[in-house]
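Subject: Structure handover

Hi,

Here is the structure I promised to pass on to you.

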Protein chains: 2
Amino acid sequence: MSNTGNDLDKHTAASARRARIGRRVTARDIARSLGVSISTVSRAFTNDAVIKPATRDRVLAEARRLGYTPDSLARGLITRRSSIAGIAVADITNPFYPEVLATLTRRLHESGLQSMVFFAGPGRQVDEALPTLLQYNPDVAVILAATLSSETIRTCEQAGTPVVLFNRYVNNTDTLAISCDNLGGGRLVADTFLDAGYQRLAYISGLPDTSTNRDRLKGFSERIREREGDPPLVEDAGSFSYESGFNALKRLMDRRPTPEAVFCANDIVAIGALDAAKVELGMKIPRDLSVIGFDDISMAAWPPYSLTTVRQPANAMVNLTLEKIECLLTDSDYQPEQLFVPGRLIQRTSARLGESL
Amino acid sequence: MSNTGNDLDKHTAASARRARIGRRVTARDIARSLGVSISTVSRAFTNDAVIKPATRDRVLAEARRLGYTPDSLARGLITRRSSIAGIAVADITNPFYPEVLATLTRRLHESGLQSMVFFAGPGRQVDEALPTLLQYNPDVAVILAATLSSETIRTCEQAGTPVVLFNRYVNNTDTLAISCDNLGGGRLVADTFLDAGYQRLAYISGLPDTSTNRDRLKGFSERIREREGDPPLVEDAGSFSYESGFNALKRLMDRRPTPEAVFCANDIVAIGALDAAKVELGMKIPRDLSVIGFDDISMAAWPPYSLTTVRQPANAMVNLTLEKIECLLTDSDYQPEQLFVPGRLIQRTSARLGESL
DNA sequence: TTGAAAGCGCTAACAA
DNA sequence: TTGTTAGCGCTTTCAA
């Protein structure tokens with residue numbers, strides 16, 4: 001655990017920058033210029049401080065004139081709140097997450113938290129990157145669609161940073177986790193297919209070791225078993241990507257019995273599968289095959305795909321996340337929970353569900 | 001400019017968090033536990049500090065044992081380097097930018113900079129958000145595919161934060177800007193179409209007031225004029241989105257003379273246009289219409305689209321950005337430049353270019 | 001309602 | 001090679 005030690009870390013750096021542009025304005029400058037104390041300047045920028053309104057106005061005016069803004073870093077040093085939310089996100093190739101990330105950071109910002117983001121690949125990278133993030137004393141760490149070892153979670157808590165898992169969860173921990181009800185979503189799709197009269201069902205899986213993938217399959221299979229249907233064929237795509245879905249569908253269609261209806265681990269996999277069926281196998285959708293996805297990314301509504309899918313209520317999930325972060329930050333009695341937000345079937349035309357509706 | 005003043009900003013917050021989890025380990029703890037001074041601990045974590053190797057090892061070991069890591073915020077307070085890169089990104093709906101963002105933050109991280117990201121809509125939001133970002137004293141601000149008023153740029157420099165514009169530039173400023181050579185890209189497409197023998201050309205524009213959109217059109221028209229072709233039809237899609245492209249193509253096809261070849265402001269617009277042509281107008285691509293896009297997002301390679309496009313060399317652009325950031329940070333004589341990285345035509349099958357090749 | 005003083009966790013000049 | 005001291009920019013008791 002050595003220092004940064006890289007090429008940007010020259011000693012000349014700070015001076016070079018300061019040479020380029022003027023020194024930053026500090027509270028002292030305002031104080032001097034106005035003939036008041038530094039504390040007074042500070043109070044002008046603290047909401048519930050006792051200060052004469054007229055004085056505050058003078059300070060604020062002078063601050064605007066000189067371009068002063070309190071230094072959040074220095075402030076955080078003493079308030080013990082950095083107002084930073086550390087966010088780790090994997091799976092940026094799935095368009096669902098940029099959208100979530102955008103609304104999440106926006107909502108955090110509205111709550112006075114700046115987002116420090118780290119993008120990780122699918123591997124162990126999140127565990128490796130988190131220590132760096134922790135050096136900034138984030139008020140909270142949000143892990144987006146990535147897994148975190150319980151060991152790393154422990155590290156965070158030891159550093160005083162509560163952790164929120166978004167769309168993943170870990171067993172055997174009492175870490176706050178907000179997720180779509182993937183299990184319920186899987187069951188919903190099973191019911192939908194069975195109600196429509198399909199018997200030969202299949203599942204195309206995504207990244208194997210993720211709770212999203214596991215639970216969607218689990219709910220799907222479980223419900224089929226409950227209704228005494230034939231167990232579904234499971235084709236492992238290997239990852240949540242277009243190419244994976246594309247190739248998986250081709251393999252799936254070589255297997256027997258040929259499935260009538262396929263549930264895909266997520267939309268991007270479903271879209272890959274759809275294209276493979278159409279382009280490679282010359283199939284007509286939904287005449288020859290019914291396909292249902294999961295997420296409801298914007299692409300799902302594009303005319304050539306018109307994908308029937310389980311919508312993850314991204315906004316509701318983000319709202320819930322913010323609500324719980326507030327609990328974490330303000331209520332010392334709050335016991336972290338694992339929360340599941342139900343998804344909803346969005347019917348388009350990639351699945352023929354016919355009569356039963 | 002008042003304080004944050006929001007619901008997370010309770011006074012109980014810090015104490016609640018500290019109650020939940022142990023107080024953070026500080027350099028003082030290590031020092032006490034080892035019977036050395038705080039400076040010695042500090043030196044152990046500073047690369048080029050004079051310290052006995054054995055002492056450093058002892059400190060590092062103890063640090064690991066107790067889970068100590070220097071507080072970057074406190075460190076930044078005195079070194080005058082926060083090691084934070086502030087990034088503002090608009091246009092997250094264009095898949096090109098999540099990809100750029102991912103590699104950009106990764107490369108910054110390798111250079112010892114953490115990324116603080118703010119997502120903005122297409123509007124003035126970046127100008128509004130930047131002051132908040134500045135409170136964290138970022139070492140550099142990177143503006144991704146968004147415009148920044150010269151006034152805000154001034155504010156940044158006054159605060160001591162150099163600005164880098166990525167894929168946008170502003171006239172009349174000496175702000176560092178790294179961009180694809182959109183002008184050259186436009187000319188390249190014009191040549192490609194003209195060489196293939198097309199005469200009735202068209203351009204579907206994206207978000208009107210962006211340098212990317214303007215320059216692509218400008219290069220395209222300019223080159224056509226130089227080669228004495230008929231000026232292209234220009235259809236304004238209004239934004240860089242699938243729907244815009246979809247609708248714009250329908251309008252375009254109602255105009256006369258009917259174009260034989262269309263250059264789209266970017267890939268996502270092109271893909272929308274492609275779908276409109278196929279789904280709505282029943283056209284065969286490229287038999288009835290040749291389409292060329294710009295960006296080369298991963299979707300462009302999907303079989304149903306197989307979009308011929310001008311590839312933006314994202315990696316090269318990010319590398320260049322990092323190189324120039326280093327200049328900005330270390331070399332006080334460095335004069336900001338406007339840099340343009342050439343794009344390259346990726347031939348797929350959405351444009352019939354035939355004989356001439 | 002304000003100012004003086006202490007100190008958040010750290011680094012850096014200076015002494016030893 | 002190490003410790004002592006000062007202080008980064010800010011907030012926050014405590015006095016006035």
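Around DNA strand D, at least two residues each come from helix H2 (27–34), H3 and H5 of chain A and from H3 and H5 of chain B. In total 26 residues surround DNA strand D, and the closest are Ala27(A), Ser39(A), Ser42(A), Ser37(B) and Lys52(B). Sorted by class, this surface has 12 nonpolar, nine polar and five charged residues.

DNA strand C has 25 residues around it, with Lys52(A), Thr55(A), Ala27(B), Ser39(B) and Ser42(B) as the closest. The elements giving two or more residues there are helix H3 (38–44) and helix H5 (72–79) of chain A, plus helix H2 (27–34), helix H3 (38–44) and helix H5 (72–79) of chain B. Here H5(B) gives the most, five residues. The surface near DNA strand C splits into 12 nonpolar, nine polar and four charged residues.

On to the sheets, beginning with chain A. Six strands make up an open sheet with mixed pairing, in the order S7-S6-S8-S9-S10-S12 (chain A). Strand S7 (233–236) and strand S12 (344–346) of chain A each have a single partner strand, so one side of each edge strand has no neighbour in the sheet. On average, neighbouring strands of this sheet are turned by 20° against each other, direction ignored. Within the sheet, strand S8 (residues 261–264) of chain A pairs with strand S9 (residues 290–295) of chain A in the parallel sense over three bridges. Phe263(A) has Ile292(A) in S9(A) as its bridge partner. Helix H11 (residues 242–254) of chain A packs on this sheet, where it touches strand S6 (201–205), S7 and S8 of chain A, and its direction makes about 145° with that of S6(A).

Strand S5 (residues 176–180) of chain A may also interest you: five of its five residues are buried. In a regular strand, side chains alternate between the two faces of the sheet. For S5(A), both faces are covered, with Leu176(A), Ile178(A) and Cys180(A) buried on one side and Ala177(A) and Ser179(A) buried on the other. Strand S4 (residues 163–166) of chain A runs parallel to S5(A) and is joined to S5(A) by three bridges, with Val164(A) opposite Leu176(A). Four bridges link S5(A) to strand S11 (residues 338–341) of chain A, again in parallel, and Cys180(A) has Val341(A) as its bridge partner in S11(A).

In chain B, an open sheet of six strands has the order S7-S6-S8-S9-S10-S12 (chain B), with mixed pairing. Its edge strands are strand S7 (233–236) and strand S12 (344–346) of chain B, each pairing on one side only. Strands S8 (residues 261–264) and S9 (residues 290–295) of chain B run parallel and are joined by three bridges, and Ala261(B) stands opposite Ser290(B). Helix H10 (residues 211–226) of chain B packs on the sheet, touching strand S6 (201–205), S7, S8 and S9 of chain B, and its direction makes about 170° with that of S6(B).

Finally, a word on confidence. Chain A averages a pLDDT of 90, and 92% of the residues score at least 70. Residues 1–14 of chain A stay under 50. Where pLDDT is low, the predicted coordinates should not be read in detail.

Best wishes

Technical notes. Residues are numbered from 1 along each chain as its sequence is written. Chains are lettered from A and ligands numbered from 1 in the order in which they are written. This is a predicted model: local features need pLDDT of at least 70, side-chain atom pairs count only at pLDDT 80 or more; totals for chains, interfaces and linings use all residues. A residue is near a molecule or strand if its C-beta atom, placed from the backbone, lies within 6 Å of it. Ala, Val, Leu, Ile, Met, Phe, Trp, Tyr, Cys and Pro count as nonpolar, Asp, Glu, Lys and Arg as charged, and the others, Gly among them, as polar. Two strands pair if DSSP finds at least two bridges between them. Two residues are in contact if their C-beta atoms, placed from the backbone, lie within 7 Å. Axes are lines fitted to C-alpha atoms, for helices over the stretch in contact, and angles run from 0 to 180 degrees between N-to-C directions. pLDDT is the predictor's confidence in each residue, from 0 to 100. A residue is buried if 20 or more other C-beta atoms lie within 10 Å of its own, exposed if 12 or fewer, and partly exposed in between; C-beta atoms are placed from the backbone.
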